Amino acid sequence: MSDSSRVVLGLGGCVDYELKLTTAVLEKLIIEYGIVAAELTSPNTVTGERDLLVSILSYVARGGGGEHFVASAPALATFADRFPHRETLGGTSVRAGILMSRLGVPSTLHLVSVNDTFRRLLPPDSEYINSGTDDTFYPHLIVQYDQGLWIRANDIDIHAPFPNRLIYVNDPANADMLIGELGDRLGKASVFLISGFNAMRDEAELNVRLALLREHMRQLPPDAVTYFEDAAYHEPAFSRRVREALLETIDVYGLNEDELQSYLRRPVNLLDPADVADALTAVHALIPVPTLVLHTKYWAVALGAGDYTDALDTGTVMAATRYSHGDDFTDADVARLRAQPRRPESVAFAAELHARMGDVVRCVPGFVLDVPNPTTVGLGDTFVGGFLTALALREER
């Protein structure tokens with residue numbers, strides 16, 4: 001088994017309350033709150049349970065996913081208690097680390113919030129350092145919904161065109177994002193994951209953390225790979241600030257289709273090679289890193305330097321396994337998944353994209369998946385964990 005000091009995953013984690021939406025509860029709440037169809041646009045701020053419900057419904061109507069700050073922590077708990085839910089561990093770095101542990105690659109996590117629930121659920125081979133001073137508990141609300149979820153109440157009549165997940169957060173620890181004791185850990189690292197700045201809300205504090213992180217990163221070995229995973233920023237303007245501060249330190253920059261379309265401010269047809277080629281070129285100009293990775297439900301692409309095909313494939317396989325089997329997958333589930341056919345439309349897309357863009361792009365098609373009750377939480381995090389597992393094992397050879 002590899003040394004946990006070789007993989008450092010940051011910058012924060014949390015406890016998640018995972019739930020799946022049901023028609024009956026949603027329709028009852030729509031009537032109680034008097035919500036009508038004309039309101040179903042995402043509110044700029046989510047201040048209470050009514051705003052939370054409007055936000056969720058607006059996403060369900062278009063099959064979208066997203067992440068938002070919620071001003072009222074009690075609203076999160078109140079909404080969660082209306083549905084059966086379970087406690088899991090969240091945060092991109094933590095979910096990635098849990099998967100890597102399953103695949104035989106232990107890691108060291110940099111955390112800002114720890115509690116008894118977190119310690120109980122964390123894999124025993126995962127080391128961690130905690131920059132927070134005391135135990136804190138700020139659970140994130142993770143909302144899943146299935147394709148075809150049908151909601152009819154008042155004048156609202158919506159079907160979810162796709163399954164997806166939504167994240168709602170009120171987490172002072174991750175908003176502060178304290179950083180400590182990281183530099184010494186990075187001195188031995190071959191892989192370093194950066195994620196989590198999206199939860200910060202104070203610009204001055206953000207600038208301090210970015211400067212401190214850059215200082216710590218000076219201790220990374222010259223051949224270490226730094227992977228940055230994007231996310232939905234609670235303060236959208238901070239996205240650019242983080243990119244400007246860290247761009248020259250990043251080797252691989254990962255994002256999903258929601259983030260891609262947000263940057264471009266237009267929808268992208270993910271099965272149109274010409275549209276995707278234009279989108280990749282445009283976003284790579286905006287984010288000029290050595291390698292840009294885009295992971296979607298249809299395929300995963302790496303654009304730029306290096307051959308990351310194996311990493312793309314491992315990430316795709318593990319995300320598809322989680323989609324199909326949730327947390328409780330087995331090695332046999334992974335083997336069966338690998339043997340399943342790839343989406344024909346994705347295979348054709350990959351070939352045409354390569355024909356258009358040449359060897360600067362690598363594209364791995366997704367799988368044909370017909371799952372009645374899929375898991376939509378943590379798929380991007382699981383992709384990252386699979387991708388980084390392949391990188392870590394490659395670095396050990």
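Q: Why is Asn154 called partly exposed?
A: In this predicted model, Asn154 has a relative accessibility of 45%. Buried means under 20% and exposed means over 50%. The value for Asn154 falls in between, so the label is partly exposed.

Q: Where does Asn154 sit, and what marks its backbone?
A: Asn154 is in the loop between strand 8 (150-153) and strand 9 (156-159). Its phi is positive, about 50 degrees, although Asn154 is not a glycine.

Q: What makes Glu181 exposed?
A: The cut-off for exposed is over 50%. Glu181 has a relative accessible area of 60%, so it counts as exposed. Glu181 lies in the loop between helix 6 (172-176) and helix 7. Glu181 also has a positive phi, about 55 degrees, without being a glycine.

Q: Why is Glu345 called partly exposed?
A: Its relative accessible area is 33%. Glu345 belongs to helix 14 (residues 344-357). From Glu345 to Leu286 there are 59 residues in sequence and 28 Å in space, C-alpha to C-alpha.

Q: How do you know that Ala189 is buried?
A: Buried means under 20%. Ala189 has a relative accessible area of 1%, so it is buried. Its place is in the loop between helix 7 (182-186) and strand 11 (191-194).

Q: Which residues does Ala189 touch, leaving out those up to four places away in sequence?
A: Ala189 touches Ser5, Arg6, Val8, Leu220, Pro221 and Ala224. As for Ile98, it is 91 residues from Ala189 in sequence and 18 Å away in space, C-alpha to C-alpha.

Q: What makes helix 2 mostly covered?
A: Ten of the 14 residues of helix 2 are buried. Among them are Glu49, Leu52, Leu53, Ile56 and Tyr59.

Q: How does the span of helix 2 compare with the expected one?
A: Helix 2 (residues 49-62) reaches 21 Å from its first C-alpha to its last. That is close to the 20 Å expected at 1.5 Å a residue. Just after helix 2, Gly63 takes a positive phi of about 70 degrees.

Q: What makes the peptide bond from Gly10 to Leu11 stand out, and where is Leu11?
A: The bond from Gly10 to Leu11 is cis, with omega near 25 degrees. Leu11 lies in the loop between strand 1 (7-9) and strand 2 (14-20).

Q: Which residues of the largest nonpolar core touch the most other members?
A: They are Phe197, Leu213, Leu246 and Leu353, in a core of 52 residues. Helix 11 (residues 273-286) gives the most to this core, with five residues. A second, separate core has 33 residues, including Phe118, Val364, Leu388 and Leu391.

Q: Which residues are in contact with Phe197, beyond its neighbours within four places in sequence?
A: The contacts of Phe197 are Leu11, Met177, Ile179, Leu206, Arg209, Leu210, Leu213, Tyr233, Val242 and Leu246.

Q: How many cavities of 30 Å³ or more does the structure hold, and what volume has the largest?
A: There is one cavity of 30 Å³ or more. The largest cavity has a volume of about 50 Å³.

Q: What makes up the lining of the largest cavity?
A: Gly13, Cys14, Val15, Ser113, Asn115, Phe118, Thr136, Phe137, Tyr138, Asp171 and Asn174 line the largest cavity. Five of these lining residues are nonpolar, five are polar and one is charged. Asp counts as charged, so Asp171 is the charged one.

Q: How much space lies in the second largest pocket, and which lining residues lie nearest its centre?
A: The second largest pocket holds about 380 Å³. Of its 16 lining residues, Arg95, Ile98, Leu121, Arg322 and Asp327 lie nearest the centre.

Q: Which elements supply the lining of the second largest pocket, and what classes are there?
A: Strand 4 (85-90) and helix 4 (92-102) each supply at least two residues of this lining. Helix 4 gives the most, with five residues. By class, the lining has six nonpolar, three polar and seven charged residues.

Definitions and conventions:
Residues numbered from 1 in each chain as written. Predicted model: local features only at pLDDT ≥ 70, side-chain atom pairs only at ≥ 80, totals over all residues. Heavy atoms only, no water. 1 Å grid on protein atoms, 1.4 Å probe; cavity = no way out; pocket = protein on both sides within 12 Å on 5 of 7 lines; lining within 4 Å. Points joined across faces, edges and corners; volume = space filled by probe spheres on them. Core = buried A, V, L, I, M, F, W, Y, C linked by side-chain atoms within 4.5 Å. Buried < 20%, exposed > 50% of the residue type's maximum accessible area, 1.4 Å probe, protein only. Helix = DSSP H or I, 4+ residues; strand = E, 2+ residues; numbered from the N terminus. Contact = heavy atoms within 4.5 Å. Expected span 1.5 Å × (residues − 1).
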